[in-house]
Structures are given as C-alpha cells and as structure tokens.
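Good morning, everyone. Please have the sequence and the three-dimensional view open while I speak.

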Amino acid sequence: MEYETYDCVVVGAGAAGLSAALVLGRARVKTLVVDAGQQSNLASTGIGGLLGADQSPPAAFYAQARAEVGGYEAVQLRDGSVTGGARGEDGVFALTLAGGAEVRARRVLLATGMTYNHPDVPGFAEAWGHDVFHCPFCHGWEHRDRPLGVLAGGGSGHHRALLLRQWSDDVTLYVNGEDDDLTPEQLDDVWSRGIAVETQPLARFGDGVATLGDGTTKACEGMLVPVTLHQRSPLAAQLGAELSSEVTPLHADAIVANPMQTGLAAAGDAAGMMPSVANAIAAGSNAASMIVGSLVLAAH
C-alpha cells in the first residue's frame with residue numbers, strides 16, 4: 001500500500017509546532033503539521049510578555065501563525081490528531097491519524113503540549129487561564145495592585161508568595177491547612193514582607209472572593225496555583241521517546257531527551273521546558289534547525 005511520506009511530521013500546532021513549521025517551510029522541507037486544536041493557553045484572555053504580540057488573544061495569535069506557515073508550499077496543515085505510531089526497521093515513522101489515515105515521516109517533531117492539572121478546588125476550572133493562573137510573568141501585570149492569593153505550602157508557597165509580591169502589596173499565602181510545611185524562618189520572611197498567611201483550607205474561589213473551610217471569606221481577585229503537566233497521549237512512548245520517571249513540581253512525565261539520532265525530536269511543554277509562549281517559539285525554531293541539518297546529512 002502506498003502512503004504519503006513527509007520529510008517531517010510536526011505533531012501539534014501550538015507555539016512550538018508552528019514555529020518549527022515556519023523554519024521547515026522556509027527550508028523547503030516537505031512537512032505535515034497535525035493540529036488537534038488543544039493549545040493549552042486558549043482559555044487565557046491574552047498572551048502576556050510575548051514581544052510583538054503582548055496581550056494578544058491566543059486564538060488570534062495561532063490563526064495568524066497558521067496563515068504565515070500556510071504560505072509556504074512545502075508545509076501542509078491538517079486539523080485532527082495523531083492517534084498512534086511506531087518507528088519501522090527502516091527508521092521511517094508510521095503515524096495513524098484520527099479517522100484511520102496513515103502517513104510516513106522521516107522525522108517527527110513532538111510539539112503536543114501537555115495537560116495542565118491544577119488543584120481541584122471549586123471555581124478553579126471556570127477561572128483557569130485568567131483569574132487562576134500558574135505563571136505570574138504571564139498574568140501578574142493584568143492583576144497588578146489587586147488582592148491576590150497563592151495556593152501552596154512549604155518552600156514552594158514561600159517562593160511563590162515572595163514572587164507575586166512584585167505585582168501587588170496585598171498578597172495572601174493560602175497554605176490549605178498545611179501550615180506546618182512552612183519553616184519558622186519562612187513564616188517570618190513572608191510576614192516581614194507584609195504577606196498574610198491563611199491556614200484554613202480553601203473551599204471555593206470565584207467572583208473576587210476566596211471562601212475558606214470555616215465559611216469566612218476574603219477578597220481575592222487572582223490566585224497563583226501550582227500545576228503538574230502530563231503527556232496528553234501515549235504517542236511519545238510509542239515512538240520511542242524517553243519519558244521522565246521523576247515527578248518534579250512542574251512535570252510528571254516530560255520527554256527528557258531530544259534523541260535526534262533516532263529521527264525523533266520534541267519541543268515546547270512536552271519536552272519539560274518552563275512553560276511560556278516565548279520559550280516554546282524558541283524551542284520549536286531550534287528543533288526545526290536540527291531536523292533540517294539531520295535531513296541534509298542523511299541525504300549524502
């Protein structure tokens with residue numbers, strides 16, 4: 001059976017995937033980009049801190065990026081997902097797309113993003129990406145000078161509370177009933193900086209209010225929370241990527257290497273980098289440059 005064969009298939013059309021596709025298209029590398037439309041920041045009202053597109057709505061940003069990438073004849077954009085794959089003995093990857101179609105690829109770039117798991121507090125899901133956020137550099141400016149909260153205990157809470165204090169003088173550290181995770185020195189440090197510490201569990205968040213387990217409320221218009229990132233599918237493992245077995249404060253199973261010698265690369269959140277659109281764009285561009293170089297060497 002004949003299958004369409006590409007020099008590179010980019011799985012994912014977020015910032016990393018589209019950035020890579022732009023480099024590949026300009027290098028005249030026959031490329032397929034598969035877009036499942038699950039970009040992690042679509043819930044956000046704007047992309048904070050991205051030069052040239054600061055505070056742009058994510059959907060508008062991706063639409064413009066797709067238009068730019070689609071202008072290169074070497075690149076094909078396809079909506080859908082890659083449901084499975086394997087690497088053949090000849091080194092060529094076989095990928096199955098949603099709907100059953102199959103394609104072949106000499107190189108694969110995994111830019112699938114990750115699933116963001118935030119604490120399971122009522123109201124968080126509805127406010128995620130705007131009033132509940134994991135990155136103060138992305139959302140701190142929009143919440144400046146408002147009453148803000150940090151949900152975390154121990155060293156993580158201490159660090160996050162000090163960081164968020166850069167954007168507001170009114171910061172409360174919600175340790176969620178785990179105040180014993182803070183050392184006396186950490187408690188003294190946050191108190192000395194004017195940061196309040198709330199030991200009652202957080203029962204609900206929304207409409208500018210944090211509701212505590214004892215029923216009391218406190219003004220809170222933004223909440224910085226920890227997240228854990230997880231692979232969205234078993235595809236990376238199926239293709240032979242090495243996944244981290246160590247759960248960090250941010251990633252549970254990130255791709256820990258870019259084994260370009262096997263024809264497989266990764267970029268963006270899936271590769272364990274610090275999540276941000278700017279970082280993903282740079283990572284995608286770098287990965288694509290490596291892929292072009294490997295294809296050139298393999299041709300001789």
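This is a predicted model: local features need pLDDT of at least 70, side-chain atom pairs count only at pLDDT 80 or more; totals for chains, interfaces and linings use all residues.

Let us begin with helix α8, residues 277-298. How far apart should the ends of its 22 residues be? At 1.5 Å a residue, the helix should span 32 Å, and its end C-alpha atoms are 31 Å apart, which agrees.

Which residues of α8 are buried? They are V277, A280, G284, A287, A288, I291, V292, S294 and L295. Viewed down the axis of α8, these buried residues fall within an arc of 165 degrees, so they line one face of the helix. An α-helix has 3.6 residues a turn, so residues three or four places apart point the same way. On the other side of α8, N286 and L297 are exposed. As for partners, the buried residues of α8 pack against β1 (4-11), α1 (15-26), α2, β6 and β17 (264-266).

I now turn to the nonpolar cores. In soluble globular proteins, nonpolar side chains tend to be buried together. In this model, the largest nonpolar core has 40 residues. Those with the most contacts inside this core are V9, V108, L110, F124 and M223. Strand β6, residues 102-110, supplies the largest share of the core, four residues. A second, separate core of 30 residues includes A20, L24, F61 and A265.

Leaving aside residues up to four places away in sequence, M223 touches F124, V132, F133, V150, L151 and Y174, among others. D131 is also one of the residues that M223 touches.

Q55 lies in the loop between β2 (31-35) and α2 (58-70). Its phi is near 70 degrees, a positive value in a residue other than glycine. D207, in the loop between β12 (202-206) and β13 (209-212), also has a positive phi, of about 55 degrees, although D207 is not a glycine.

D207, at 84% relative accessibility, counts as exposed.

Key
Residues are numbered from 1 along each chain as its sequence is written. Side-chain values use heavy atoms; hydrogens and water are left out. Helices (H or I, at least four residues) and strands (E, at least two) are DSSP runs, numbered from the N terminus. Buried means under 20% relative accessible area, exposed over 50%, partly exposed in between (1.4 Å probe, protein chains only). A nonpolar core is a set of buried Ala, Val, Leu, Ile, Met, Phe, Trp, Tyr and Cys residues joined through side-chain atoms within 4.5 Å. Contact means heavy atoms within 4.5 Å. The expected span of a helix is 1.5 Å times one less than its number of residues. The arc is that of the directions from the helix axis to the C-beta atoms.
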